[in-house]
Amino acid sequence: MLKKLLFLLCFVYTINAQDSLRYSIDLNRLKNDRLTVEVQLPAGAKEYCFPKIVPGTYAIYDFGRYVSNLQAFDAAGKSVKLKQNDINSYVIGGAFRLSYEVDDTWDSPEIEGKYIFEPAGTNFQEDTLFALNTHALLGYVKGGEKMPVSLHLTVPFGMTASSSLVDNNGFYKADNYQSLTDAPILVAHPDTAMLKVGDADILISVFSPNQVIRASQIAEKILPLLKSQQAYLGGTFPVKNYAFLVVMSTHLKNGSYGALEHAKSSFYYLPEYNIATMSSTIRDISAHEFFHIQTPLNFHSEEIGNFDFQKPKMSRHLWLYEGLTEYTAHHTQLQGGLTTLEQFMESMTEKVNRANDDYNPNLAFTKLSLGALDKYKDEYGNVYQKGALIGFCLDLLLRKETNGTYGTQQMMRDLAAQYGPSKSFKDEELFELIEKTTKVPAVKEFFARYVSKGDKLPFKELVSTIGMEFGESNPGNNTITYGYTNNIEFRALKNPSPSQLKMRQAWLHF
C-alpha cells in the first residue's frame, strides 16, 4: 500500500511538472562570478529562449549573451544534443531538464554588446548582494509563454530576499513567465521597512554598502508622496502590495543612475549619498516609477499585454506610458503640497528647453514611439521632456473643455476601470477611445496635431486658462516669472480673473 501511494504521489508530481516550467537557483553555488540555473521543462518543449528585450527598457539587450555551458538532459539523466539558433535561443527537443551558467551584467566587461542599464540587470556579490532581475537569468519555452512557472531560490544564511512576489520558504510562483520576470528580487543583509498606505502593504528594501542611508529614512521621505498618490488615484491603489528595491552605489559605470518600473515593484540604482542629499531625487524618481501601477499595469495596448521577448512590436503611445506618467509624477506632488507652483513650472520650463535643444521638436510622437528601438532611438529621451509636456497640455485642455471638472487624472481612472491588468486596448484605437471616454471632442484635433504630427504645443492658449502666460521674456508688474530659459518663460498673473482663478484651483487641488 505504501509503495502504491508513493507511486501515485510521484505520478501527480510528474504531471504537474510537465504542465509548468520550474526553475531552481542556489545562490550558495556562485563560482567564477556565475550562478547556475536548473530548469525542469514541461512536456513537449522544443525551444528555450532568453529575452532580446524586456518591457520598460526600449533597448535591445540580448540577455542570452550572458549564458554559458548550457546542457540538456532527458528523463533518465542522459545528455541531449542541443542546437543554438542564435544568441538568445536553443533547440532542445527531447530534453526533460536544462542546466546552464549565467554571468552578472554589472560586472562582466569581457562580454561584448550593449551595456545593460543596472536596474535592468544583475549583480552577484558573495555574502553581500544579489540583484536579481530574473529576466536576465531565466529563459522561457517558445510557445509556452503563458504556462505557469515557479522559482526555487536558495538564499545564503543571514541574507534576506525582498520582492513583490510571495515568498513561500524560497518558492515563488507566477501565472506565467512575464509575471515572474516582472518582479525582481533583491537579496542582501536585511535593511527593510514596511508602510501601510490604505489597503496596500509597501515594502522598502535597501542595500547601502557603507550604510549611509537606511530603509527607514527612505520610508519616511516617500510616505507623504504615497499618500498624495493615493489621493490622486481616488483614494485607493490598484495593487495590494508593492516593493521599492533600492541599491545604492559608489561606483558609476555607464554614466547614469535611475530605476526600472514593474507592475508591483520598482528597482533603483542610485548614488550612495545621505538622505538629505538624496531625498528629492528619491521622491521624484519614486513618484514616476510608482505611477506605472496605473499605466501600463491597468491600462495598456496589446503590444504590452502580449509582449514578444524576441520580436517586440512597439506601441505608438510612449507619450502615454512614459510622458503622461512623468507629468503625473510632478502634478501629484503639486496637488499634494510637496512642491510649489513655482517649482512645478520651473520643471516644465526645463522640459521645454530640453525638448527644443536636445531633441527634434518636430518629430511626431507616434513615429518616435514606433521607431524607439532603432530609427529614433536617440530621440527616446524626449518622452520624459515633450512627452510630459503633452500630458500637461492635455490635462489643461480637458479642464478647459469641462469647466475644470475633468482632467487626465480622472481620464486615467476611467480608462483603467474599463480595462485593468488582463485586458488590452488596440493600439490604433486609443485616440478614439479617449475621445469616447472623456466626451471631449477637442481631443481629436489635439492628438492629430500634437501627437500624430509634430506641431508646437499650444502652451500660450492653454496656460492662459489658469491665469498664466507663456512666451519670450517680458517682465511686468502684473506677472511673476516661474521658470526662465533661453529667453522663454512661464509667467503667472498676480491678479487672475475669477474664471482663471477657478480653473487654477481645480487644477491645483484633488
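This is a predicted model: local features need pLDDT of at least 70, side-chain atom pairs count only at pLDDT 80 or more; totals for chains, interfaces and linings use all residues.

The paragraphs that follow take up these topics in turn.

In soluble globular proteins, nonpolar side chains tend to be buried together. Here, the largest nonpolar core comprises 117 residues. Within this core, the residues with the most contacts are Tyr23, Leu41, Tyr48, Leu132, Trp319 and Trp507. Helix α9, spanning residues 386-401, supplies the largest share of this core, namely nine residues. Another core, of 32 residues, lies apart from the largest one; among its members are Ala219, Val239, Phe244 and Leu297.

Attention now turns to charged side chains. Side chains of opposite charge can pair when their charged atoms come close. Across the whole structure, a search finds 19 salt bridges.

Two of the salt bridges involve Arg449. In one, the side chain of Arg449 meets that of Glu445, with an N to O distance of 3.8 Å. Both Arg449 and Glu445 belong to helix α12 (residues 442-450), where their spacing of four residues corresponds to about one turn of the helix. In another salt bridge, Arg449 meets the side chain of Asp455 at 3.1 Å, N to O. How accessible are Arg449, Glu445 and Asp455? Arg449 has a relative accessibility of 33% and therefore counts as partly exposed. Glu445 counts as exposed because its relative accessibility is 51%, a value that falls over the 50% cut-off. Asp455, at 21%, counts as partly exposed, since buried residues must fall under 20%.

A further salt bridge joins the side chains of Glu489 and Arg491, at 2.7 Å from N to O. Are these two residues buried or exposed? Glu489 has a relative accessibility of 2% and so counts as buried. Arg491 is likewise buried, because its relative accessible area is 5%. Elsewhere, salt bridges that share partners join Arg29, Glu38 and Arg97 into one network.

Where is Gly234 found? Gly234 is located in the loop between helix α3 (215-232) and strand β18 (241-249). With a relative accessibility of 51%, Gly234 counts as exposed, because exposed residues have values over 50%.

Notes
Residues are numbered from 1 along each chain as its sequence is written. Side-chain values use heavy atoms; hydrogens and water are left out. Helices (H or I, at least four residues) and strands (E, at least two) are DSSP runs, numbered from the N terminus. Buried means under 20% relative accessible area, exposed over 50%, partly exposed in between (1.4 Å probe, protein chains only). A salt bridge is a side-chain nitrogen of Lys or Arg within 4 Å of a carboxyl oxygen of Asp or Glu. A nonpolar core is a set of buried Ala, Val, Leu, Ile, Met, Phe, Trp, Tyr and Cys residues joined through side-chain atoms within 4.5 Å.
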